[in-house]
Amino acid sequence: MSDFSKFAPLLPAMRDAGVAVMKNFREGFSVKRKPDDTPVTSADLESDRILTAALRAEFPEIPVISEETAKDLWTVRRTWKKFFLVDPIDGTSEFVAHRNDFTLNIALVENGLVTLGLVGAPATDELFIGCGNAAFVLKLSDPDIRSSKPLRHVPAIDPLEGKLPACARVLVSVLHRDKETLDFVSNAGGTALPVGSSLKFCRIADGSGDYYPRLKKLHEWDIAAGHGVLKAAGGNVYALGTRDELRYGSETLETPAFEAY
């Protein structure tokens with residue numbers, strides 16, 4: 001955990017964002033549609049304000065890209081060797097549907113690779129952290145590192161070596177499942193297990209799942225923090241069908257199809 005010590009000042013912000021999001025969850029929130037027709041709520045914006053303010057106060061030298069405020073042009077971003085990626089609420093659709101599987105996400109990217117991941121799950125009071133070669137989980141409402149539990153994932157499957165065993169738990173989206181994904185899971189083997197948001201990566205890290213294939217592109221902020229947790233726990237995220245670790249900082253801020261295990 002020593003590698004994480006310099007990032008410990010972010011823990012109160014994760015807690016405060018979780019409190020704010022749950023207040024909206026319980027008491028009500030506004031919903032608008034963004035130009036890409038995805039939802040954004042008052043809770044997203046409040047979480048964004050809290051998390052980005054903390055990052056800029058604690059690490060003013062590191063640029064921040066947030067889903068809700070991303071505006072830096074590629075001509076500027078392409079020179080960055082290090083930056084934070086923030087998704088104030090991943091799984092906004094789950095949040096709006098009053099499901100529990102939505103998350104708050106901060107990732108640090110260095111030279112294209114994720115090196116830090118913080119994933120908070122306010123509805124289940126979990127905070128997953130991955131930094132260097134150490135991953136652990138603690139309470140989001142009381143983020144005391146001394147009470148954390150280590151996570152160590154030993155990959156039980158290898159999708160490049162053939163069909164998965166029937167007992168393999170293959171994580172799929174709760175609200176965004178499609179026939180293509182379900183057909184892929186059927187052909188790959190294993191049993192589909194619905195889990196929302198970036199929690200998929202954390203559930204592999206904590207041993208509750210084995211494999212997460214994604215056949216369509218996503219925004220980088222959707223997955224970077226979860227990738228950081230899983231990577232630190234001993235797993236990884238690869239471009240689909242390869243051994244190439246997923247990289248970040250593209251011109252479009254989108255990922256290719258990928259698989260996590």
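**Figure 1. Lys 32, an exposed residue of strand β1 in a predicted model.** With a relative accessibility of 59%, Lys 32 counts as exposed, a class that requires over 50% relative accessible area, whereas buried means under 20% and partly exposed in between, computed with a 1.4 Å probe on protein chains only. Lys 32 is found in strand β1, residues 31-33, where strands (E, at least two residues) and helices (H or I, at least four) are DSSP runs numbered from the N terminus. Apart from neighbours within four places in sequence, Lys 32 is in contact, meaning heavy atoms within 4.5 Å, with Thr 38, Pro 39 and Val 40. The C-alpha atoms of Lys 32 and Ser 42, which are 10 residues apart along the chain, are separated by 8.6 Å. The model is predicted, so that local features need pLDDT of at least 70 and side-chain atom pairs count only at pLDDT 80 or more, while totals for chains, interfaces and linings use all residues. Residues are numbered from 1 along each chain as its sequence is written, and side-chain values use heavy atoms, with hydrogens and water left out.

**Figure 2. The contact between helices α1 and α2.** The axes of α1 (residues 11-27) and α2 (residues 42-58) come within 9 Å and cross at roughly 170 degrees, the axes being lines fitted to C-alpha atoms over the stretch in contact and the angles running from 0 to 180 degrees between N-to-C directions. The two helices are therefore roughly antiparallel to each other, given that angles over 145 degrees count as roughly antiparallel, under 35 as roughly parallel, 65 to 115 as roughly perpendicular and the rest as oblique. The contact is made by Ala 13, Met 14, Asp 16, Ala 17, Ala 20, Val 21 and Asn 24 of α1, together with Ser 42, Ala 43, Glu 46, Ser 47, Ile 50, Leu 51 and Ala 54 of α2. By class, this contact has 9 nonpolar, 3 polar and 2 charged residues, where Ala, Val, Leu, Ile, Met, Phe, Trp, Tyr, Cys and Pro count as nonpolar, Asp, Glu, Lys and Arg as charged, and the others, Gly among them, as polar.

Figure 3. Grid points are joined across faces, edges and corners, and a volume is the space filled by probe spheres set on the points. Of the 36 residues that line this pocket, Asp 90, His 176, Arg 214, Leu 218 and Asp 222 are the closest to its centre. The lining divides into 11 nonpolar, 10 polar and 15 charged residues.

**Figure 4. The largest cavity.** The largest cavity, with a volume of about 30 Å³, is lined by Arg 56, Val 64, Ile 65, Ser 66, Thr 69, Ala 70, Lys 71 and Asp 72. Strand β3 (residues 64-66) gives the largest share of this lining, 3 residues.

**Figure 5. Leu 246, a buried loop residue.** Leu 246 lies in the loop between β13 (237-239) and β14 (258-260) and, at 2% relative accessibility, counts as buried. Not counting residues up to four places away in sequence, Leu 246 touches residues including Gly 112, Leu 113, Ile 223, His 227 and Phe 258.

Conventions: 1 Å grid on protein atoms, 1.4 Å probe; cavity = no way out; pocket = protein on both sides within 12 Å on 5 of 7 lines; lining within 4 Å.
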